[in-house]
Amino acid sequence: MKPAMETAAEENTEQSQERKGCFECCIKCLGGVPYASLVATILCFSGVALFCGCGHVALAGTVAILEQHFSTNTSDHALLSEVIQLMQYVIYGIASFFFLYGIILLAEGFYTTSAVKELHGEFKTTACGRCISGMFVFLTYVLGVAWLGVFGFSAVPVFMYYNIWSTCEVIKSPQANGTAGVEQICVDIRQYGIIPWNAFPGKICGSALENICNTNEFYMSYHLFIVACAGAGATVIALLIYMMATTYNYAVLKFKSREDCCTKF
């Protein structure tokens with residue numbers, strides 16, 4: 001009976017050690033996850049997807065509104081149509097680039113986090129690895145500044161559509177309906193510089209402007225531009241998180257690579 005009891009105790013001890021070893025392994029693996037880079041990657045993918053998808057559809061809707069109401073002559077907005085088509089191709093390139101760049105930054109985050117926390121034995125790094133990390137820091141800073149410009153640029157069509165929508169709300173208001181000057185409330189799209197001054201008609205007034213605001217193209221384009229602007233803002237926040245994560249990891253790697261380093265972070 002005693003040997004059987006000892007055998008059972010040994011088996012229980014081995015099982016508990018296995019569970020403990022598995023638990024410690026899971027904790028060690030979770031400790032190597034770059035949570036900041038993971039959150040930034042999810043936010044970056046979401047923001048770029050919103051900006052590219054909604055922006056592409058909103059640009060197409062804007063062209064349709066211009067052709068149908070503000071510029072009936074094709075030659076007047078031919079340049080604008082070419083620019084918008086070019087922007088749509090650029091959107092495809094932006095989506096592809098950030099998909100790859102987000103994956104690369106996430107992989108780099110796993111590498112630097114493992115190196116910083118010394119999860120795989122003795123700490124080892126190379127000058128090439130630090131150089132690559134520094135390159136990602138610089139590139140992320142450049143992209144962050146560039147996306148601040150994209151965020152500001154994406155707010156321009158939102159401002160334009162908001163002005164048109166607010167003018168339509170004035171026309172619909174009881175005060176405006178009670179006056180004879182409703183037809184004098186106009187929107188001149190030429191003042192935004194997107195079509196030339198000789199474009200016809202270029203200016204829409206009164207009930208015709210109200211009809212434009214009631215169309216599905218206007219409603220969808222307005223809200224899609226808002227979502228695209230929000231997506232650009234989310235991408236800026238994601239790049240800021242990338243900046244902080246990559247800068248911290250690069251600084252720690254460079255510090256710990258020194259021979260006189262004796263401080264543990």
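The model is predicted, and the protein has an average pLDDT of 80. It contains 7 helices and 2 strands, and 37% of its 265 residues count as buried.

**Fold**
- Along the sequence, the elements follow the pattern α-α-α-α-α-β-β-α-α.
- Among contacts in the protein with a separation of 6 or more, 79% are between residues 24 or more positions apart.

**Confidence**
- A pLDDT of at least 70 is reached by 75% of the residues.
- Among the elements, helix H2 (residues 35–70) has the highest mean pLDDT, at 90, while helix H1 (residues 2–31) has the lowest, at 55.
- Residues 260–265 have a pLDDT below 50; this stretch has 7 contacts in the model beyond near neighbours in sequence.
- Where pLDDT is low, the predicted coordinates should not be read in detail.

**Largest pocket**
- The largest pocket holds about 530 Å³ of space.
- Its lining consists of 23 residues; those nearest the centre of the pocket are Leu-59, Met-87, Phe-153, Pro-157 and Phe-225.
- By class, 20 of the lining residues are nonpolar and 3 are polar, with no charged residues.
- Helices H2, H3 (78–117), H4 (127–172) and H7 (216–256) each contribute at least two residues to the lining.
- H3 gives the most to this lining, with 7 residues.

**Largest nonpolar core**
- The largest nonpolar core has 47 residues. Phe-70, Phe-98, Trp-147, Tyr-161, Ile-164, Ile-189 and Leu-209 are the residues that touch the most other members.
- Each of H2, H3, H4, H6 (206–213) and H7 supplies at least two residues of this core.
- H2 provides the largest share of the core, 12 residues.
- Leaving out residues up to four places away in sequence, Leu-209 touches Ile-164, Thr-167, Cys-168, Ile-171, Ile-185, Cys-186, Val-187 and Ile-204.

- Thr-41 lies in helix H2.
- Thr-41 counts as buried because its relative accessibility is 5%, and the cut-off for buried is under 20%.
- Apart from neighbours within four places in sequence, Thr-41 is in contact with Gly-102, Leu-106 and Tyr-242.

How values were computed:
Residues are numbered from 1 along each chain as its sequence is written. This is a predicted model: local features need pLDDT of at least 70, side-chain atom pairs count only at pLDDT 80 or more; totals for chains, interfaces and linings use all residues. Side-chain values use heavy atoms; hydrogens and water are left out. pLDDT is the predictor's confidence in each residue, from 0 to 100. Helices (H or I, at least four residues) and strands (E, at least two) are DSSP runs, numbered from the N terminus. Contact means heavy atoms within 4.5 Å. On a 1 Å grid over the protein atoms alone, a cavity is a set of points where a 1.4 Å probe fits but cannot get out, and a pocket is an open set with protein on both sides within 12 Å along at least five of seven lines; lining residues have an atom within 4 Å of a point. Grid points are joined across faces, edges and corners, and a volume is the space filled by probe spheres set on the points. Ala, Val, Leu, Ile, Met, Phe, Trp, Tyr, Cys and Pro count as nonpolar, Asp, Glu, Lys and Arg as charged, and the others, Gly among them, as polar. Buried means under 20% relative accessible area, exposed over 50%, partly exposed in between (1.4 Å probe, protein chains only). A nonpolar core is a set of buried Ala, Val, Leu, Ile, Met, Phe, Trp, Tyr and Cys residues joined through side-chain atoms within 4.5 Å.
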